[in-house]
Amino acid sequence: MKSKRFLIVLILTISGLNNLRAQNTYDIVFPDSNTSQVCQQCLEIFNQKPKEVRFSIKREGNNLYFVVNDKKWFNLLFKNAGDGIAVDIVVRDRYKCEYETINNTQIRGLLLKPSYAKKLKSGLKPTGENAYRVHVGRIPDAFINDELEYNILFLSNKNLCNYYWVYHLESYPWELLDMGMYLDSLTYNPKEIKPSGSEEFVLRNKTLKFIIPFEKNKSEYLQDDIRPIYDSLKLTDFNIKTIKIKAYSSVEGRLERNVELQEQRANSIAEALQAFQTSTIKTEISSSENWVEFLNDIQGTKHENLANLSKEETKAKLVGVLSKTLEPILQKHRKAVLELELEKKDKYKNMLSNELLLKFNTAITEENLSEANAIQNSIFEKMKTKEISPEFLRKMAIPKQSKFVKIFNKNSAYRYMLDVREAVIVYNELLELEKLVPKNAEVKYNLTAIKIKLWHFKWQEVDETKLKSQINALKNYGIDKTLISRMMVNFHIIKAENLMRKRDYANKDKSVNYVNANYKKFPLSNYDYLSLAQFFTYYANTNMAIKLLDGKAKSIDVDENLLFYYLNLTLVDINSTNDPNYRTIMLNAINLNKTRYCKLFNSIEKGGVTFQLLEYEYLRNTFCEDCHN
């Protein structure tokens, strides 16, 4: 599993001297019209920099260090005596909402004395694997208690040639796309997207998602209102285990009343569904105004200018005639998005584990495969809730005979799904099973999926060519081509990682491009989207990650963590944030989690992307409207 935290650097264009603050600039030369000439060598080194090379400023106490992951590139950059670095210490107070405007200055804060090539090279020391650092300055005592960030001036022959500011990209655990395992059918192991450091996940049951439209001013939904929806679910063999309801109001009217109405509607839906079954349904409800679809739907109409107004200004317009005119649009925005997690009805649910084991082994002895399969599924359900330990699976006596192949395969595959560390043992078990049924598609698929993981974790020597042939050969056993495509994408994700370690950047890029060209061939879960986006970002292909997530970010039911990851990727890109549609994405984030959205504008050291995002007037206006209160 990958869990990386790193800093991305963004280059800013060098402007003239006119706006330079009246402060000590030491011996730095600020070129004007002849930048390309005096900075030619420096600019060429940056242009030729492999995208995998990263650098930043790190603080330890009062000391600041320049950190880089490629010593060879560092020595190339600081080749001549006048080549160096200077640090610009930027203070958060520069961006107070009370200020009407932000002074557009080339140096945003306090400029520290430059460090030049001789000192930089002699002071560069290793600091961990593939990391080096050198001391480049101290924070003045007057700034110690301020919220700070640190920009970098790159100097060539004492000329300022590049000015960089650094932002933080929040990371999440990620791994290969889930290939699933064949149990009764192909079963996936969907994970919740959580920030790094929280890797627990729970095996989930079957889920259904659907939408209930709301009638204007109607807040109570009775059992008879919900019955057509419940009947359409055909829950003969299932109970509803959990309900997640996201209730949305149209944007006109008072916010407090809108939220109150949506919560009433959502609670009445949950109560109506509960009336259909005796077992308790765990319910999670959230509510918000549907700004996302409102801003999407007015695009291209004569009312699209409303998108340029603040939320309060828009509400003031949406009264009287205009509200009636826009009602055909607004009525589509009043709805609940329901996600139901179902669990199979289990006649063995109240049976103790020892009784279950005895009954299962008896069913196997009597070759009652139908009952054995039902008991096995009941045992699996108890493992999901941790009523039974995974060790229980080893006590289930299943003969290695062709008639018991499905049950044996399920037992082994489920052990692997519960704990990937069982991969080698399960792989060897399935190899023995394959000898009994050499053409069984489910066993073949499970073997291939585990072998890909073994290669990924380097738990077994794997011949790339043979593995690739094994994946493609699955089509001969009737395995769907979309599943084969998913496996091939995983193949190239692993290959890219291996080539990266060898610093074979050209062939690594070929594998990255393969992944980018093929992920649309199969459906993706939220966790898959996140994993792919982080894969692209890790290899400095941010544009690929943004394109992948564009559609999801504009969806009303986007996963919160996925949306905030998208914001991390795009907030620093002025071309993205200047797009009128970007406000839709920001309001989506504010509706989902306002506190988290506002935190993006904290300093890096306080968990934000960077407060220097507030240099952009558009972002600053949105921040001051929604966060500064």
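**Questions and answers on a predicted model**

Student: Not counting residues up to four places away in sequence, which residues does Asn498 touch?
Tutor: Good place to start! Contact here means heavy atoms within 4.5 Å. With residues up to four places away in sequence set aside, Asn498 touches Trp455 and Lys458.

Student: What kind of model are we looking at?
Tutor: Residues are numbered from 1 along each chain as its sequence is written, and side-chain values use heavy atoms, with hydrogens and water left out. Local features need pLDDT of at least 70, side-chain atom pairs count only at pLDDT 80 or more, and totals for chains, interfaces and linings use all residues, for this is a predicted model.

Student: Where does Asn498 lie, and is Asn498 buried or exposed?
Tutor: Helices (H or I, at least four residues) and strands (E, at least two) are DSSP runs, numbered from the N terminus. Asn498 lies in helix 17. Buried means under 20% relative accessible area, exposed over 50% and partly exposed in between, with a 1.4 Å probe and protein chains only.

Student: How many helices and strands does the chain have, and what percentage of its residues count as buried?
Tutor: The secondary structure comes to 25 helices and 16 strands. Of the chain's 629 residues, the share that counts as buried is 52%.

Student: At what angle do helix 17 and helix 19 pack?
Tutor: Axes are lines fitted to C-alpha atoms, for helices over the stretch in contact, and angles run from 0 to 180 degrees between N-to-C directions. Arg486, Val489, Ile493 and Ala496 of helix 17 meet Asp528, Leu532 and Phe535 of helix 19. The axes of helix 17 (residues 481-501) and helix 19 (residues 526-538) are 12 Å apart, and their angle is about 35°.

Student: What is the handedness of the crossing where helix 17 passes helix 19?
Tutor: A crossing is left-handed if the near helix is turned anticlockwise from the far one by less than a right angle, and right-handed if clockwise. Where helix 17 passes helix 19, the crossing is left-handed.

Student: How far apart are the end C-alpha atoms of helix 12?
Tutor: The expected span of a helix is 1.5 Å times one less than its number of residues. For the 16 residues of helix 12 (residues 369-384), that should give 22 Å. The model agrees with this, as the end C-alpha atoms of helix 12 are apart by 23 Å.

Student: Which helices do the buried residues of helix 12 pack against?
Tutor: The buried residues of helix 12 include Ala372, Ile375, Ile379, Phe380 and Met383. Their partners are helix 11 (353-365) and helix 13 (405-418).

Student: How many of the 14 residues of helix 13 are buried?
Tutor: Among the buried residues of helix 13 are Val405, Phe408, Tyr414 and Met417. They pack against strand 11, strand 12 (186-187), helix 11, helix 12, helix 14 (423-436) and helix 15. Helix 13 is largely enclosed by the rest of the structure, because its buried residues number 12 of 14.

Student: How many aromatic pairs does the structure hold?
Tutor: Rings of Phe, Tyr and Trp (its six-membered ring) pair if their centres lie within 6.5 Å; planes under 30 degrees apart count as stacked, over 60 as edge-to-face and the rest as tilted. By this rule, the number of aromatic pairs in the structure is 26.

Student: What type of aromatic pair do Phe46 and Trp73 form?
Tutor: Their rings are 5.4 Å apart centre to centre, with 85° between the planes, which is edge-to-face. The pair links distant parts of the chain, with Phe46 in helix 2 (residues 40-47) and Trp73 in helix 3 (residues 71-77), 27 residues apart. Both Phe46 and Trp73 are buried. So the name for this aromatic pair is edge-to-face.

Student: How many residues apart in sequence are the parts that Tyr182 and Tyr445 tie together?
Tutor: Tyr182 and Tyr445 form an edge-to-face pair, 5.3 Å centre to centre with 85° between the planes. Tyr182 lies in strand 11 (residues 181-182) and Tyr445 in helix 15 (residues 441-456), so the separation in sequence is 263 residues.

Student: The charged end of Arg133 sits over which ring?
Tutor: A charge sits over a ring if NZ of Lys or CZ of Arg is within 6 Å of the ring centre and within 35 degrees of the ring normal. The charged end of Arg133 is 3.9 Å from the ring centre of Tyr65.
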